[in-house]
Amino acid sequence: MISMEWDGLTDRERFNDWYRQARDRFSDMARDADWTSLFEELGKHPRWVNLPRPGNHSGFAPLHQAAWHGADFAVVSRLIAYGAWRTQRTRDGRRAVDIAREQGHTHLLELLEPVVVRRLPSPAEMLEHHFHALLRERTGRCFEEIEHLLPPLAPLTEGPAVEIFFGVVGMMGGFTYHLEEDYVDVHGHSRMDADDGDYYRVTPDGWSRVARSPMSPTPPPARQRPAS
């Protein structure tokens, strides 16, 4: 299972100073096309490959920056090998392939075109609707107090086994989710939980809470994206 992270927090001041500064440096590397430094950082933090600058103003992740710069084929291939999502969109709705096309970087178009390895249960738009409904309901007032951009499900289609963590400020944790054959498996967990948290099954028809064996694997630590 490839573990990735979705950062939907739009208030950059909610992050701890040291983490925000580290993420800013990482984003600066992509903005400045400093690929050597960026890959060194990804060696330490591989789950950062799809993260935009804290605050998510433009939504530009490293792959979008590589597309804008017209980076070498080898650079973009390496980002994709790290798990960069070709389906990921900026805040204005552009994918990396769209940005490369706008900039005239034709050598990247075929490489950046999204490849569907696994399909979402159909209709996919209803699946995502119910997934977002689950997140809104189970977070209580967290989304009302602090704006979070809800994660799209398209990145789950880009690999045979992709797991994504969506941290939610106020929960002291978040949701880890992955695609099964005909549903999305969602695990809601918090550092405050006395047990292993709650599990849900999301289909195009709706979502429901499900029981899970005590032998289920524990979730990734929420401290991957600390916030104040």
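Predicted model: local features only at pLDDT ≥ 70, side-chain atom pairs only at ≥ 80, totals over all residues.
Figure 1. If we set aside residues up to four places away in sequence, His 130 touches Val 202, Thr 203, Pro 204, Asp 205, Gly 206 and Trp 207.

**Figure 2. His 64 in helix 3.** Next comes another histidine, His 64, which sits in helix 3 (residues 62-69). With a relative accessibility of 1%, His 64 counts as buried. Have a look at the end of its side chain: the side chain of His 64 reaches the backbone oxygen of Gln 88 at 2.9 Å. Apart from neighbours within four places in sequence, the contacts of His 64 are Gly 59, Gln 88, Arg 89, Thr 90, Arg 94, Arg 95, Ala 96 and Ile 99.

**Figure 3. Where domain 1 meets domain 2.** The domain assignment divides the protein into domain 1 (15-112) and domain 2 (124-210). Their C-alpha centres lie 24 Å apart. At the boundary, eight residues of domain 1 are in contact with six residues of domain 2. The size of an interface is often given as the accessible area lost when the parts come together. For domain 1 and domain 2 the buried area is about 570 Å², and carbon and sulfur atoms give 59% of this area. On the domain 1 side, Trp 85, Thr 87 and Arg 91 lose the most area to domain 2, together 70% of what that side buries. What about polar links? Two residue pairs are in polar contact between domain 1 and domain 2, while the count of salt bridges between them is zero.

**Figure 4. The largest nonpolar core.** This view gathers the 59 residues of the largest nonpolar core, in which Leu 79 and Tyr 177 touch the most other members. Helix 1 (residues 17-31) supplies the largest share of this core, five residues. Domain 1 (15-112) and domain 2 (124-210) both give residues to the core, so the core lies between them.

**Figure 5. A salt bridge between Arg 47 and Glu 5.** Side chains of opposite charge can pair when their charged atoms come close. The count for this model comes to 18 salt bridges, and this close-up picks out one of them: the side chains of Arg 47 and Glu 5 meet at 4.0 Å, N to O. The pair links distant parts of the chain, 42 residues apart, with Arg 47 in the loop between helix 2 (35-44) and helix 3, and Glu 5 in strand 1 (residues 2-6). Is this pair buried or exposed? Both Arg 47 and Glu 5 are buried.

Figure 6. Let us finish with Arg 31 and Asp 32, whose side chains meet in a salt bridge at 2.9 Å, N to O. Arg 31 has a relative accessible area of 40% and is partly exposed. The side chains of Asp 92 and Arg 94 also form a salt bridge, here at 3.2 Å, N to O. Asp 92 is exposed, with a relative accessible area of 53%, whereas Arg 94, at 22% relative accessibility, counts as partly exposed. Through salt bridges that share partners, Arg 12, Asp 24, Asp 28, Arg 31, Asp 32 and Arg 53 are joined into one network.

Key: Residues numbered from 1 in each chain as written. Heavy atoms only, no water. Helix = DSSP H or I, 4+ residues; strand = E, 2+ residues; numbered from the N terminus. Buried < 20%, exposed > 50% of the residue type's maximum accessible area, 1.4 Å probe, protein only. Polar contact = N/O pair within 3.5 Å; in protein donor to acceptor, adjacent residues only side chain to side chain. Contact = heavy atoms within 4.5 Å. Core = buried A, V, L, I, M, F, W, Y, C linked by side-chain atoms within 4.5 Å. Domains from an automatic or database assignment. Buried area = accessible area lost by both parts, 1.4 Å probe.
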